[in-house]
Amino acid sequence: MTPPISAPLPPDAPWIVMKFGGTSVATLPRWQNICELVASRRAEGARVLVVVSALTGITDALKQLCGEGEQDKRKAAAGAIAQRHYDLLEHMQLALPDTLGSRLSDLAALAADGPAPRGELAWQAQVQAHGELMSSALGAAFLSHSGLPTQWLDARECLAAVALPNQNERTRLLSAMVEAKPDPALNARLAALGEVFITQGFIARETHGRTVLLGRGGSDTSAAYFGALLKAQRVEIWTDVAGMFTANPRQVPGARLLQRLDYEEAQEIASTGAKVLHPRCLSPLREPRVPLLIKDTNRPELDGTVIGPEVRAHAPSVKAISARKGITLVSMESVGMWQQVGFLADVFAHFKTHGLSVDLIGSAETNVTVSLDPTENLLDSDAIAALASDLAKVCRVKVIAPCAAITLVGRGMRSLLHTLSGVLAEFGQLRVHLISQSSNNLNLTFVVDEEVVDALLPHLHDLLIGAGALRTDDSVLFGPSWQMLYGGGDIVPAVPAWWRVAQRPRLLELAAAATPRYVYHLPTVRQQAHELKSLAAVDRLHYAVKANTHPAILRTLAAEGFAFECVSPGELEAVSAVVPASVPLLFTPNFAPRRDYVRALATRASVTLDALHPLQHWGELFRGREIVLRVDLGRGLGHHEKVRTGGSASKFGLPLDQLPTFLQLADAHGVAVRGLHAHLGSGVLDVAHWGEVYAQLASLAERIASVVFLNIGGGLGVPAHPGEASLGIAALDRALREVKAAYPQYQLWMEPGRYLVADAGVLLTRVTQLKDKGGFRYLGVDTGMNSLIRPALYDAWHKIVNLSRLGEPATALYQVVGPICESGDVLGTDRRLPEAAEGDVILIAQAGAYGKVMSSHYNLRDEADEVIID
Ligand code: LLP
């Protein structure tokens, strides 16, 4: 496509630097794409400087050429490299441009000469520089031919490497640094030459005029240097992913795109694991305050990540969690260390001697432990052994490896500590070797055994979101998840919630009549029920009524064919009062008094036991009965530690080591165990979980001849935060069908609560008072933790909307609080909402599950009433 011709630019037009990597310059379609992108930037009124890498594979081919001892082989290698460029030219239907022609003959001469005339390292640098020299020459020809006159610029004329005191010849030539300060003269010189330029990444010149390489991350760094020299409007790094994410998407598919970062945060994230950007390329941009934008070449419509000086105030948030593996810890113990002057100096001298750079440090009176990062050090066992033997002269040494460093990154980490209790609890169950908090208050690092990391990271990421530490509700900072952008998996459908459009007038009317009130939307309950009924692997679905016992909801689900799970005589009565007598019931109490079992046994409900006590002490009650046994599979799951109902620290389920005793007691009382049950917790979004539970229960059941069904519990999560992926019901079905095929002899039962009703309910409340205090803006509403305790109890996040001002710009940052005399009476922290006024109707979403049922009369405030919409 030929780009439209625009009017000439004024001399002071701003610059945009665009960098494209090896895969982005390797084919004709990619160059056509570059041409369009460059033309669009030019059309914005900017001068454009394109910085390119070598065609993919060429840098490696050049390195290989450098390793060849024989001239013939070097020449053949240079010939093959030239051919790659001829092939692309042919594809572009272009004649060989002079700039490329002379590069190719230079390369041929260098290959023929070999290293001798220039010296090995200088020759290598010169040979390798040809990758970029050739790709840029080819690009200049293509862009010009496509109607975008493009000047070829030799980067070595602009980027001058600085000599640093600790550099040797190798680093000076192959891993050089440039000090790039805004250079108005260069700016003016180029402006006089043209509007679109193309140059090379990765290369510069040193004081004697020799070609040098910039080392790892070279092309990105070049783009940053040019951005600084030209004081560009921005630098754009075009790559194959939309930007930086809250975690490595390969480990955490739910990781969210980070749309805005400041330089320091981005640097920290890049240094602690993210590969998309080399940490080195940010420092040149910091002082001239040139923003850097990361964009996906294949998906230019995505916003990408903008890194710049942060001007807009945001609530402090963890921005990312990363894990670096291959960490070695060296723990040094000295009984005499306390106040022993010079001990640390002695110890560190040994690290220096062995050329090892220390990353994290933890110290106690008699111990100092440090970590060595493999990206900074050549950590082979010999180097470590040599260090350890030297250190052994001054202290007792222990080497701990392989470890991994898990780092939480975010500005103002210290002010976030109170939100990290769930994460800290998780670490409490592991061996944590070292904790370190960076002195710039940007990171908090935990060093643990390497093997635990892969399983731990997705879980920690979920916990951080759940606890509101990773504020993914701030849609300015956090974009969609990787899964949503690239995963092709099940994602939250972009269907607006039922209350948003058509129901708004109705809800405003209902709120005008009375607040606070819960409103339930039965069509949403039915829709969720239909989703679950599509689970072909499931033989019987129960609704866990504890989530919401409104009679209309019970009736709706009975009509949908659901059975019911109850945990108290009260729930059994509520259900029995409204559903037909033919509908099956489950009674799954925990630490219930004897009388509850007496009552339940008088109904049709199947009774579940989860301890030895009932059979040991009330065996006669169960004689000749069929029961269900709830076991503890040794682990819990869920959106908050308080909703995890498995594992040794939870009160639920029979521990497996008591199973033989339980079965003996059952036998002794003529009790038949018909079903096994496990429910590990609430708010689980990992589809694999239920299949695992089924498989575990099935293998236990094979030892108990009387078992005919396996109840794998509820806990199906509903994403709370925008952009979070929902549970893929089709994927869940696939997983269940797979395990069921392995154990087809058992019926599969489930008992979800939240999934059916959460999205069907909202809580309507009204603004009472507004207050500015201590830098915070409080928005008071007429109910709080008495109506909805989930935010106070689990740090649960509920979307909060000013229904009276839907669509108005969200310019205020509010703490949404209720009228209860508790400082925990907070419904939402740091919410971006329109400026509010007394009387506005506030809607709290996703309140259909565990809302009204957990409410109280606390402070003798009126309870919210309940209204049904059908
Ligand atoms: N089965 C058993 C044995 C349960 O204990 C529960 C919930 C369920 C099923 C249903 O779990 P669901 O599908 O609703 O996640 N109040 C907390 C949730 C506590 C759940 C207690 N047991 C919350 O608001 O998040």
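Analyst: The crossing of H2 and H3 is left-handed, a term for a near helix turned anticlockwise from the far one by less than a right angle. The model is predicted, with local features needing pLDDT of at least 70 and side-chain atom pairs counting only at pLDDT 80 or more, while totals for chains, interfaces and linings use all residues. Residues are numbered from 1 along each chain as its sequence is written, and side-chain values use heavy atoms, with hydrogens and water left out.

Two packed helices are described by the angle between their axes and the distance between the axes. Here the axes of H2 (residues 58-67) and H3 (residues 71-91) come within 9 Å and cross at roughly 165°. That makes H2 roughly antiparallel to H3, the word for angles over 145 degrees. Helices are DSSP runs of H or I with at least four residues, numbered from the N terminus.

On the H2 side, the contact (heavy atoms within 4.5 Å) is made by Ile58, Ala61, Leu62 and Leu65. H3 brings Arg74, Ala77, Ala78, Ile81, Arg84 and His85. Together these residues divide into seven nonpolar, one polar and two charged. Ala, Val, Leu, Ile, Met, Phe, Trp, Tyr, Cys and Pro count as nonpolar, Asp, Glu, Lys and Arg as charged, and the others, Gly among them, as polar.

Gln93 has a positive phi of about 55° although it is not a glycine. Its relative accessible area is 70%, so Gln93 is exposed, meaning over 50%.

Note on methods. Axes fitted to C-alpha atoms, helices over the stretch in contact; angles between N-to-C directions. Helix = DSSP H or I, 4+ residues; strand = E, 2+ residues; numbered from the N terminus. Parallel < 35°, antiparallel > 145°, perpendicular 65-115°, else oblique. Buried < 20%, exposed > 50% of the residue type's maximum accessible area, 1.4 Å probe, protein only.
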